[in-house]
Amino acid sequence: MSKIIYLLIFGLSLLLFYWYFLKPKKAKEVHYLIHKDKRQVLDISNAYDLYEDSKTLLVAHFGDTHFRSGHGPKKLNPLIRSTIAREPDIIVFTGDLIANYESWPHHLTPTLVDKLKRLKAPSGKFAILGNQDYVKDGQYFVQEVLKDAEFQPLVNESIFTAKEETAVHIVGMDDTILGHPVYEFDKKIANWQLLLVHEAGHIEKVKSLLDFDLVLTGHPFKKRIFKKNQNAPKFTDGLYQLGSKTLLSIFPKYEAGKIFLKTPTIYYYHLVKESNKKPTS
């Protein structure tokens with residue numbers, strides 16, 4: 001019996017050692033270099049520093065955090081460190097902040113606001129709602145948390161922001177599963193057009209879809225989860241070219257890896273400013 005007790009103590013000691021010293025402290029960063037002409041999109045994750053340029057607009061993208069009891073806001077720490085180091089101009093969040101409002105541990109709310117507030121971007125932080133944010137009428141709570149954390153929720157709304165002479169038009173659609181999305185938006189003049197949607201499944205309903213340069217979504221699917229008699233969604237995960245100028249990027253699951261080695265992920269889009277060209281409408 002004593003040997004079993006010693007083994008249990010040893011096992012618990014190893015777990016404590018992991019949690020305090022070995023748990024991932026850095027986020028997995030994915031970097032894409034994107035020109036207005038989308039014929040070539042480069043994954044520069046292993047050499048992004050070679051493409052750093054003051055004229056490049058840097059957009060950080062994450063989503064699907066699904067915070068809940070046992071999976072709390074401290075999971076944002078690696079992303080906070082990443083954004084401090086990379087200094088993005090814009091940060092966007094594409095929905096599913098919490099898993100279920102009914103079971104949300106409210107004592108974690110101040111920590112959640114504080115962690116989100118530590119994500120800094122001089123040209124603005126913008127967010128949309130996901131289907132999980134709507135569960136048990138959680139959308140009102142989520143919007144207040146985002147506002148307190150200096151994110152601007154976009155619910156069928158658009159907004160302009162800029163970096164120096166580069167204008168960015170950002171449209172945020174309401175969730176297409178539990179929200180009340182609209183699919184028609186007025187055209188605006190800007191150097192870059194961004195569309196934020198939680199699920200990619202209904203984006204082709206957007207009448208001006210091909211006027212956007214970059215469509216950013218979450219809610220990824222893995223094709224292997226669909227049985228032979230089921231039709232997989234057209235857009236599941238990764239990058240898709242839509243027309244000649246529109247790129248769709250689906251943010252993956254927030255944490256990837258094995259149970260004890262899960263690492264949060266963040267995407268960075270390096271949008272290259274084109275010289276001597278007028279803004280597109």
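A residue is called buried under 20% relative accessible area, exposed over 50%, and partly exposed in between, using a 1.4 Å probe and protein chains only. The model is predicted, so local features need pLDDT of at least 70 and side-chain atom pairs count only at pLDDT 80 or more, whereas totals for chains, interfaces and linings use all residues. Residues are numbered from 1 along each chain as its sequence is written, and side-chain values use heavy atoms, leaving out hydrogens and water.

**Salt bridges overall**

- Side chains of opposite charge can pair when their charged atoms come close.
- The structure holds 12 salt bridges, each being a side-chain nitrogen of Lys or Arg within 4 Å of a carboxyl oxygen of Asp or Glu.

**Arg 86 and Glu 29**

- Arg 86 and Glu 29 form a salt bridge at 2.8 Å, N to O.
- Arg 86 belongs to helix H2 (residues 77–86) and Glu 29 to strand S1 (residues 28–34), 57 residues apart; helices (H or I, at least four residues) and strands (E, at least two) are DSSP runs, numbered from the N terminus.
- Arg 86 is partly exposed at 26% relative accessibility, while Glu 29 is buried at 18%.

**Lys 75 and Glu 255**

- A salt bridge of 3.6 Å, N to O, joins the side chains of Lys 75 and Glu 255.
- Lys 75 lies in the loop between strand S3 (57–62) and H2, and Glu 255 in strand S13 (residues 255–256), so the pair ties together parts 180 residues apart in sequence.

**Lys 163 and Asp 89**

- The side chains of Lys 163 and Asp 89 meet at 3.5 Å, N to O, in a salt bridge.
- Both Lys 163 and Asp 89 are buried.
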